[in-house]
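Hi everyone, thanks for coming. Let me put the structure up, and then we'll walk through a few spots together.

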Amino acid sequence: MPDRSEDDSRKLLRRLRDSLAEPGHGQERLNRITSLIADSMHTEVCSIYLFRDEETLELCATEGLRPESVHKTRLRLGEGLVGRVARSAIPVNTANAPSEKGFRFMPETGEEIYSSFLGVPIQRVGEKLGVLVVQSRAARQYSDDEVYALEVVAMVLAEMTELGAFNGEGEGEALGALHKQPVMIRGGTGQEGSAEGQVWLHEPRVVITNPVSDDAEAELVRIRAAVGELRVSVDDLLAAQSLDKDQKQVLEAYRMFAHSRGWLRRMEEDIQAGLSAEAAVEKEQSATRARLSQVPDAYLRDRLHDLDDLSNRLLRILTGQGRDTGAELPENPVLVARNIGPAELLEYGRKLRGVVLSEGSVGSHAAIVARALAIPLVIHAEGITIEALNGDHILVDGDQGFVHLRPEELVATAFRDKIAMQTQAQQRYAGLRDKPALSQDGRLISLQMNAGLMADLPSLEGSGADGVGLFRTELQFLIRNKMPKRDELARLYARVMDAANGRRVAFRTLDIGSDKVLPYMKPQDEPNPAMGWRAIRVGLDKPGVLRMQAQALIRAAAGRPLSIMFPFIAEYAEYLDARAHVLRQVDREAALGHAIPAQLEIGAMLETPSLAFAPRAFFEAADFISIGGNDLKQFFFAADRENERVRRRYDTLNASFLDLIRHIVARCAETGTTLSFCGEDAGRPVEAVVLAAMGLQNLSMRPASIGPVKSLIRRSDLGALHRIIDAECAKGVETVRPAVMDFLAKQS
Ligand code: PEP
Ligand code: MG
């Protein structure tokens, strides 16, 4: 920015700050600010619009427009020029506002006489707070200096809003709307269950208390020192020995940003204009975000994350607010984060009452860990990291995928009633722990649990599971940052077998690829990873890990019976190859003098429709088959299990899917092959009872589902239900759900 306006800008910021320091209600302060800005910028109008909710902007203060329109004039996001600035987060500067595309005339404000318009976003790093507008009668384009000056002022306003400067005193009304009022955020279910507690931000936001500075020289020294420190830390990262070529490439781009002269120069200009070093970092962070988020190119958007990350690091260096802020975990912590890695989540462990992520996915590692720990998890809770502050009261509804932040007492009371009911139900289910899953017509169903972490082991006793129908071995690989060693795995598998105490554990060999990417393996850039190089395909192409796992399992069994199954087998030959690898390891271990399993079962997961139509020889050869319903369903319906838009689109009780299940049951019956089902549907009582009715005698599910599923099976006549299902399918219905629900309602 040229020197001429630097002084003006600094003066304006100082006046702003002094005016904010004076006592008064939030509204009085806003009024003072608008007249101050209009005066300093020689414009007839200055108005502040703030978000009332995510979609609505409200005129909150004005100098020049009709005072009666304050708190009356509202605009939707994207509506008119103000709405356009709010949506794009990019300034609009025009000499002839009425001729602009999207202009909307608001008669109550009396703005028709003003021709020129300049609007800039009031934002704080991706958090849109409102729009600051100046208008003049004369048809003139505002200069770059003026645009810049208004942006700097907007930055200070954003910080002030954050600090609550515009909250009404005593009246409890928040003009800034954020961080005070109750908010409900609708996300998705990651793990069922309900929880009440206090927000614990995994990565707390850096709080800036001094957006305006009097001493530009001192701030320049600070920013240069901080950038220097940042550069050294990035260079250190890059010098680390263990980086492979790809990681190096990514870090090089990161380093380039850290060393970018333009970045530092822009921040220096902001400081010259009167901002503090911290506010300058944030101003550039917001601006870059706004610019880059408009870019459709995925590579550039990724770089946006790099820049964001660097800006955050820089802020931490400047403010000395590290990740560890010294704050203590509240009594009932609910973790709130953009995303979290599995190892970090495990570190918190069962201390957490709930987890809310603004990103995440159902199959993410965090979701898998949350499930193992039985912690309610809501994913896709957009905006939660912006809205929530440490210590805020929060209700997590993992069943519906809702979050209530700072709830009204009425909502909290209703929620507590729901938790109480769930606790009661859990107690009822606990009473069934030692009872068999025996149906009304005398059919015994074996209910087993899915596991994968040591944290799951206590559930083996508590849930009353008959064994572990699916042990996802990849979780042990996912939570580490380097490949586990054979002996370490052998010790771990032995502990699992010890905990099972003679009950069967079906160990599934490594299922990686698709969404499960090991941090220490080179990521594959595949166009369609769910159908790509994953699971047994990796195991057969690079059999080192498969062999190592087989050895670890044989050693862990130490002469006890052992069950192994392979994920994602699509054809008979794959099963034969994988089995041959395991059998060779048995011979090798025997030759080395290790005890071999008393009994060895080698099974396959049926997760692709093709395997249901494999030659009879496959069904004869496999010791057991386990239907991986999650994958089988996604490939049967061609509906991505990770994609919120489509993952619930097709019903498991769809007659065509049940026809496939019927076919698999019949084929296994022909050859006497043991069949089980271990997808999520096995843990949903209605789906589970339908599967049981159709001939699935083994169901494996998350431990918390065993009680509800057992309870329904014990109340059901499976033979009668089977007849209803067949009759419905014969009628040609799309889904048997209505008839099944009707039947179940009548029987209880
Ligand atoms: C499945 O696909 O149903 C299954 C149990 O495996 P995962 O969910 O681990 O892919
Ligand atoms: Mg699967």
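Before we start, one term: a residue is called buried under 20% relative accessible area, exposed over 50%, and partly exposed in between, with a 1.4 Å probe and protein chains only. With that in hand, Pro-703 is buried, its relative accessible area being 17%.

Some housekeeping. What you see is a predicted model, where local features need pLDDT of at least 70, side-chain atom pairs count only at pLDDT 80 or more, and totals for chains, interfaces and linings use all residues. Residues are numbered from 1 along each chain as its sequence is written, chains are lettered from A and ligands numbered from 1 in the order in which they are written, and side-chain values use heavy atoms, leaving out hydrogens and water.

Back to Pro-703, which is in the loop between strand S23 (698–701) and helix H25 (706–715). Helices (H or I, at least four residues) and strands (E, at least two) are DSSP runs, numbered from the N terminus.

Next, the metal. Which residues coordinate the magnesium ion, ligand 2? They are Glu-607 (OE) and Asp-631 (OD), at 2.0 to 2.1 Å. Donors here are N, O and S atoms within 2.8 Å of the metal (3.2 Å for Na, K and Ca), and since water is not among the atoms, sites may look incomplete. Glu-607 sits in the loop between strand S20 (600–606) and helix H20 (609–612), and Asp-631 in helix H22 (residues 629–636), so the pair ties together parts 24 residues apart in sequence. Glu-607 is buried at 3% relative accessibility, and Asp-631 is buried at 3%.

Now to ligand 1. Around it are 14 residues, and Arg-472, Arg-508, Glu-607, Asn-630 and Arg-641 come nearest; a residue counts as near if one of its heavy atoms lies within 4 Å. H22 gives the largest share of this shell, three residues.

How does Glu-607 meet ligand 1? One of its polar side-chain atoms is 2.8 Å from a ligand 1 oxygen. For Asn-630, a backbone N or O atom is 2.7 Å from an oxygen of ligand 1. The side chain of Arg-641 has an N or O atom 2.8 Å from a ligand 1 oxygen.

Last stop, Ser-716, in the loop between H25 and helix H26 (718–731). Ser-716 is buried, at 0% relative accessibility.

Terms used: A polar contact is a pair of N or O atoms within 3.5 Å; within protein, one must be able to donate a hydrogen and the other to accept it, and residues adjacent in sequence count only if both atoms are side-chain atoms.
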